[in-house]
Amino acid sequence: MPLSGEAIRTMNYVDDIAVTLRRILAVLPTLNAEERQRLLDHVSKSEPSFESVLAAIKAK
């Protein structure tokens, strides 16, 4: 069964997220402990979280 254009677009969004996560991982070694903690706090509070998106996908 072929994918819809919307499904392909959504998968491209996931690829964009993966690129962003790779950039974050590349920068992490350059951050000091305080910066890493602030980044952790920021990511932890970001909504929707990656986990909430996974839960929504699984639920539907």
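Arg9 and Glu6 sit 3 residues apart in helix α1, about one turn of the helix. Helices here are DSSP runs of H or I with at least four residues, strands are E runs of at least two, and both are numbered from the N terminus. The model is predicted, so local features need pLDDT of at least 70 and side-chain atom pairs pLDDT 80 or more, while totals for chains, interfaces and linings use all residues. Residues are numbered from 1 along each chain as its sequence is written, and side-chain values use heavy atoms, leaving out hydrogens and water.

**Salt bridge**

- Arg9 forms a salt bridge with Glu6, and their closest N and O atoms are 3.0 Å apart.
- The rule asks for a side-chain nitrogen of Lys or Arg within 4 Å of a carboxyl oxygen of Asp or Glu.
- By that rule the count is 1 salt bridge.
- Side chains of opposite charge can pair when their charged atoms come close.
- Arg9 is partly exposed, at 41% relative accessible area; Glu6 is partly exposed too, at 45%.
- Partly exposed lies between buried (under 20% relative accessible area) and exposed (over 50%), with a 1.4 Å probe and protein chains only.

**Largest pocket**

- The largest pocket has a volume of about 540 Å³.
- Of its 18 lining residues, Ile17, Leu21, Val43, Ser46 and Phe50 are the closest to the centre.
- A pocket is an open set of points on a 1 Å grid over the protein atoms alone, where a 1.4 Å probe fits, with protein on both sides within 12 Å along at least five of seven lines; lining residues have an atom within 4 Å of a point.
- Points are joined across faces, edges and corners, and the volume is the space filled by probe spheres set on them.
- Helices α1 (5–27), α2 (33–45) and α3 (50–59) each supply at least two lining residues.
- The lining divides into 11 nonpolar, 5 polar and 2 charged residues.

**Nonpolar patch**

- Ile17, Leu21, Ile24, Phe50, Val53, Leu54 and Ile57 make a nonpolar surface patch of about 590 Å².
- α1 and α3 are the elements that give two or more residues to this patch.
- α3 gives the most, with 4 residues.
- Patch residues have over 30% relative accessible area and no salt bridge; nonpolar side chains (Val, Leu, Ile, Met, Phe, Trp, Tyr) are joined within 5 Å, like charges within 9 Å.
- Ile17 lies in α1 and counts as partly exposed because its relative accessibility is 39%.

Methods. Ala, Val, Leu, Ile, Met, Phe, Trp, Tyr, Cys and Pro count as nonpolar, Asp, Glu, Lys and Arg as charged, and the others, Gly among them, as polar. Accessible areas come from the Shrake-Rupley method with a 1.4 Å probe; for residues, only the protein chains shown count as cover.
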